[in-house]
Amino acid sequence: MQLTKTKSEKTKQTMDEKLNSLRAGVLGSNDGILTVVGVLFSVAAATTNQFTIFIAGLSDLLACAFSMASGEYASVSTQKDTEKAVVEKERQLLKTDFEGELHAVQRHYMTLGVKEDTAMAIAQDLLSKKPLATLVSIKYDMQLGHYMNPWDAAFASLFSASAGGVFPLVAMTFAPAHWQWPATIIAVSVAVALTGYLSAVLGKGNVKTAVIRNVLVGIVTMFIHYYVGTLF
């Protein structure tokens, strides 16, 4: 009844874990792009001092990256704690209500079209070999021993938000003066189109819709912050 795992089984990431880190990375990158370009456009509309623009953009890039990282860490840590609590709950139920757990597995296979007697035989066989892993998988769609890693998500967000923010920062502060505005708009549009594409692929959504939506949001973000900057 006791489950044992090899070292490789414990350390090997599941697809869900990998996708979670990628998701955090894509969201962090998108946030970094839009947050940094918002500050850059506001400041650049208010002053032509390149050093001021650069420092404002760099400061926001760092703040955004660490903010995204800490937010992801807190969020995924909570999810991990919930997953562990669920596993512990099932571990106790196996001790105190084995029959109930057995029938829960049986009902699961019956909903899939398996006959009652056959479903019971399957349930008995599974619970005699891998009881906790079976229940966690069937009742919560989780893989035992594989919890979302908050550090992976945090570092993915930290790196991707920084990488995303670099696009508008470099375009605005290093492009020739007469090119800095169009260069930034192009850099942001390409960058958010890429994050839109990746988010659609990871979420199995409509790529065209995601790309167009992200580009429109980017353009609106730049327009609003430019307008705010002209007020000062």
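Me: Which helix is Thr 134 found in?
Reply: Thr 134 is in helix α6. Helices here are DSSP runs of H or I with at least four residues, strands are E runs of at least two, and both are numbered from the N terminus.

Me: Before I go on, what kind of model is this?
Reply: This is a predicted model, where local features need pLDDT of at least 70, side-chain atom pairs count only at pLDDT 80 or more, and totals for chains, interfaces and linings use all residues. Residues are numbered from 1 along each chain as its sequence is written, and side-chain values use heavy atoms, with hydrogens and water left out.

Me: What is the mean pLDDT of the protein chain?
Reply: The mean is 86, and 90% of the residues reach 70 or more. pLDDT is the predictor's confidence in each residue, from 0 to 100.

Me: Where does pLDDT stay under 50?
Reply: Over residues 1–12. The model has 15 contacts beyond four places in sequence for that stretch. Contact means heavy atoms within 4.5 Å. Where pLDDT is low, the predicted coordinates should not be read in detail.

Me: How many helices and strands are there?
Reply: The protein chain has 9 helices and 0 strands. From the N terminus on, the order is α-α-α-α-α-α-α-α-α.

Me: What share of the residues count as buried?
Reply: 40% of the 232 residues. Buried means under 20% relative accessible area, exposed means over 50%, and partly exposed is in between (1.4 Å probe, protein chains only).

Me: And what share of contacts join residues at least 24 apart?
Reply: 74%, among contacts between residues at least 6 apart in sequence.

Me: Back to Thr 134. Buried or exposed?
Reply: Thr 134 is buried, because its relative accessible area is 10%.

Me: What does Thr 134 touch?
Reply: Val 105, Leu 126 and Leu 127, leaving out residues up to four places away in sequence.

Me: Where is Leu 127?
Reply: Leu 127 sits in helix α5. At 1% relative accessibility, Leu 127 counts as buried.

Me: Why is α6 described as largely enclosed by the rest of the structure?
Reply: Because 7 of its 10 residues are buried. These are Pro 131, Leu 132, Ala 133, Thr 134, Leu 135, Val 136 and Ile 138.

Me: Which helices do those pack against?
Reply: The buried residues of α6 pack against α3, α4 and α5.

Me: What follows α6?
Reply: Asp 141, with a positive phi near 55°. Asp 141 is not a glycine. It belongs to the loop between α6 and α7 (150–174). Asp 141 is exposed, with a relative accessible area of 67%.

Me: Switching to α4. Which residues are buried there?
Reply: Glu 101, Leu 102, Ala 104, Val 105 and Gln 106. The buried residues of α4 pack against α3 (50–96), α5 (116–129) and α6 (131–140).

Me: What span should α4 have?
Reply: At 1.5 Å a residue, the 14 residues of α4 (98–111) should span 20 Å. The end C-alpha atoms are 20 Å apart, so the two agree. The expected span is 1.5 Å times one less than the number of residues.

Me: What follows α4?
Reply: Gly 113, whose phi is positive, near 100°.

Me: New topic. How do α8 and α9 cross?
Reply: The axes of α8 (residues 180–203) and α9 (residues 207–230) come within 8 Å and cross at roughly 145°. Axes are lines fitted to C-alpha atoms, for helices over the stretch in contact, and angles run from 0 to 180 degrees between N-to-C directions.

Me: Which residues meet there?
Reply: On the α8 side they include Trp 181, Ile 185, Val 188 and Val 192. On the α9 side they include Val 207, Ala 210, Met 222 and Tyr 226.

Me: Where is Leu 194?
Reply: Leu 194 is in helix α8. At 48% relative accessibility, Leu 194 counts as partly exposed. The C-alpha atoms of Leu 194 and Asn 30 are separated by 9.1 Å, and the two are 164 residues apart along the chain.
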